[in-house]
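Please look at the sequence and the model below. A few questions and answers follow.

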Amino acid sequence: VHAIMGNHERKHLRSFRGETKAARSQIISRAQLGESYQAWLKFIETFPRGLELDEAILVHGFWEPGKTLAEQNDMVVIGTMGGEKIVTKACGEKWWEYYDGDKPLFVGHHDYLRNGQPLIYRDKVFCLDTSCCTGGGLTGIILPGFHLISVPSRANYWRQAVLAYRASLPPQPVIEWTAEDELVLEKIYKAIVNRSQQL
């Protein structure tokens, strides 16, 4: 079994080293793993930023066209927020339309369709995230035959973890909702509806 580096693994390593603030998911994982946390960090530190197999290339996040796996920006292939900004600035939100590699590309990170199905673009880019953590499905592809398989999640595991460990989480700030906030929310909603109609 091989694993690759994703944005959550990278943030665990960086927050443990004090390079960034730990997010709720890192705080919960530390509590869940307890004394095993540091050993787990040593394990995930060995994960490559991507894998090139005979049949396909695997990365967690995104891909910049015109570059090999070795030439890709770490933040882009790992799927950090900064990496997402880089790729969307260069290619727009539908970055997969610009994929120009010789082999099919498999990514996770985002559930682009949010309908239980992976986004498959021209049998060249396979975006396999289908929201397993929040109650969707766990989706994968069996190689070399490119057999798609998906198993429904048994629960919204993220919600369960947040509820179980809420005592160890920092308090969430209280935010007052204004009429201006309502207008911003309406604009975001319209943009999401327009985007989903384009997909």
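## Contacts, cores and helix packing

Q: Which side chain does the side chain of Asn7 join in a polar contact of 2.9 Å?
A: A polar contact is a pair of N or O atoms within 3.5 Å; within protein, one must be able to donate a hydrogen and the other to accept it, and residues adjacent in sequence count only if both atoms are side-chain atoms. The side chain of Asn7 makes such a contact, at 2.9 Å, with that of His60.

This is a predicted model, in which local features need pLDDT of at least 70 and side-chain atom pairs count only at pLDDT 80 or more, while totals for chains, interfaces and linings use all residues. Residues are numbered from 1 along each chain as its sequence is written, and side-chain values use heavy atoms, with hydrogens and water left out.

Q: Is Asn7 buried or exposed?
A: Asn7 is found in helix α1 (residues 7-16). Buried means under 20% relative accessible area, exposed over 50% and partly exposed in between (1.4 Å probe, protein chains only). The relative accessibility of Asn7 is 19%, so Asn7 counts as buried.

Q: What is the relative accessible area of Cys132?
A: Cys132 lies in the loop between β5 (125-127) and β6 (137-142). Contact means heavy atoms within 4.5 Å; leaving aside neighbours within four places in sequence, Cys132 has contacts that include Ser153 and Tyr157. Cys132 is partly exposed, and its relative accessible area is 25%.

Q: How many residues does the largest nonpolar core have?
A: A nonpolar core is a set of buried Ala, Val, Leu, Ile, Met, Phe, Trp, Tyr and Cys residues joined through side-chain atoms within 4.5 Å. Val59, Trp63, Trp95, Leu105 and Val125 have the most contacts inside the largest one. Elements that give two or more residues to this core include α5 (81-91) and β3 (105-107). The number of residues in the largest core is 26.

Q: At what angle do the axes of α2 and α6 cross?
A: Helices (H or I, at least four residues) and strands (E, at least two) are DSSP runs, numbered from the N terminus. Axes are lines fitted to C-alpha atoms, for helices over the stretch in contact, and angles run from 0 to 180 degrees between N-to-C directions. The axes of α2 (residues 24-33) and α6 (residues 157-164) come within 10 Å, and they cross at roughly 70 degrees.

Q: Which residues in α6 meet Arg24, Ser25, Ile28 and Gln32 in α2?
A: These four residues of α2 are on one side of the contact. On the α6 side are Trp158, Ala161 and Val162.
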